[in-house]
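Subject: Structure for your review

Hello,

Please find the structure below. My notes on what was found in it follow.

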Amino acid sequence: MSELSGKPGRRPRADAQRSRAAIIDAAIELLGRRADASMEEIAAAAGVARQTVYAHYSSREALLVAITERITAETVAALNAIDVREAATEALREWLTVSWGIIGRYQLLLTVSLPTGDTTDEHERHLPITERLTEIVEQGRRTGEFTSAHGTGWLVAATISLGHAAGQEVTAGRMSPEAAGAAFRESVLRLAQR
């Protein structure tokens with residue numbers, strides 16, 4: 001059977017992989033500037049025909065799911081590179097900087113409503129992100145760098161909520177991304193430390 005047959009289990013051809021990557025790159029960039037960009041505009045920005053976009057992503061939602069998967073994978077890889085053996089405060093500061101840096105790199109996170117799937121899918125997708133944060137918070141609590149007045153789960157949830165709040169302030173135009181990122185980092189560190 002040829003590679004064009006689409007037989008399950010086969011790796012996509014190199015040109016198909018390049019097309020997919022170009023489509024996702026173009027969509028990320030274009031949707032970051034204009035949340036209502038059409039599939040046709042995304043195709044033009046990617047340098048492919050509209051039919052090529054639909055051949056890889058049957059709908060806008062399918063494309064947004066692929067974008068979400070790429071951003072999540074990049075975020076997890078960046079967070080996993082944090083050395084959690086260093087002081088917990090420094091590890092948390094780095095986690096906050098990396099997390100906010102992803103938002104800065106992917107403006108569409110502030111402008112586009114990405115599909116969440118059901119609650120289980122959403123939880124599973126974010127688990128590697130929250131696991132690293134949980135590990136850092138627990139380390140800080142063990143070493144006495146972080147408060148033990150609140151549970152680890154509460155500190156993790158508060159950190160995620162503060163990140164969302166910072167993003168909302170940027171989206172509303174009330175804060176610059178730099179100011180919101182600084183407020184996010186300072187607020188979480190104050191909340192966590194004794």
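Helix α8 (residues 152-171) and helix α9 (residues 177-192) pack at about 160°, and their axes lie 9 Å apart. Because of that angle, α8 is roughly antiparallel to α9 (angles over 145 degrees count as roughly antiparallel, under 35 as roughly parallel, 65 to 115 as roughly perpendicular and the rest as oblique). The axes are lines fitted to C-alpha atoms, for helices over the stretch in contact, with angles from 0 to 180 degrees between N-to-C directions. Helices are DSSP runs of H or I of at least four residues, strands are runs of E of at least two, and both are numbered from the N terminus.

This is a predicted model, in which local features need pLDDT of at least 70 and side-chain atom pairs count only at pLDDT 80 or more, while totals for chains, interfaces and linings use all residues. Residues are numbered from 1 along each chain as its sequence is written, and side-chain values use heavy atoms, with hydrogens and water left out.

On the α8 side, the residues that meet α9 include W154, L155, L162 and V170; on the α9 side they include P177, F184, V188 and L191. Contact here means heavy atoms within 4.5 Å. The residues of this contact divide into 12 nonpolar, 3 polar and no charged (Ala, Val, Leu, Ile, Met, Phe, Trp, Tyr, Cys and Pro count as nonpolar, Asp, Glu, Lys and Arg as charged, and the others, Gly among them, as polar).

Helix α9 also packs on helix α5 (residues 88-105), at an angle of about 150° with the axes 10 Å apart. These two helices are therefore roughly antiparallel as well. Among the residues that make this contact are L92, R93, W95 and W100 of α5, and F184, R185 and L189 of α9. By class, the contact of α5 with α9 has 10 nonpolar, 3 polar and 2 charged residues.

Elsewhere, A26 is found in helix α1 (residues 14-33). A26 counts as buried because its relative accessibility is 9% (buried means under 20% relative accessible area, exposed over 50%, partly exposed in between, with a 1.4 Å probe and protein chains only). Leaving out residues up to four places away in sequence, A26 touches I42, A45 and A46. From A26 to A43 the C-alpha distance is 7.8 Å, across 17 residues of sequence.

For the protein chain overall, the secondary structure comes to 9 helices and 0 strands. Of its 194 residues, 37% count as buried.

Regards
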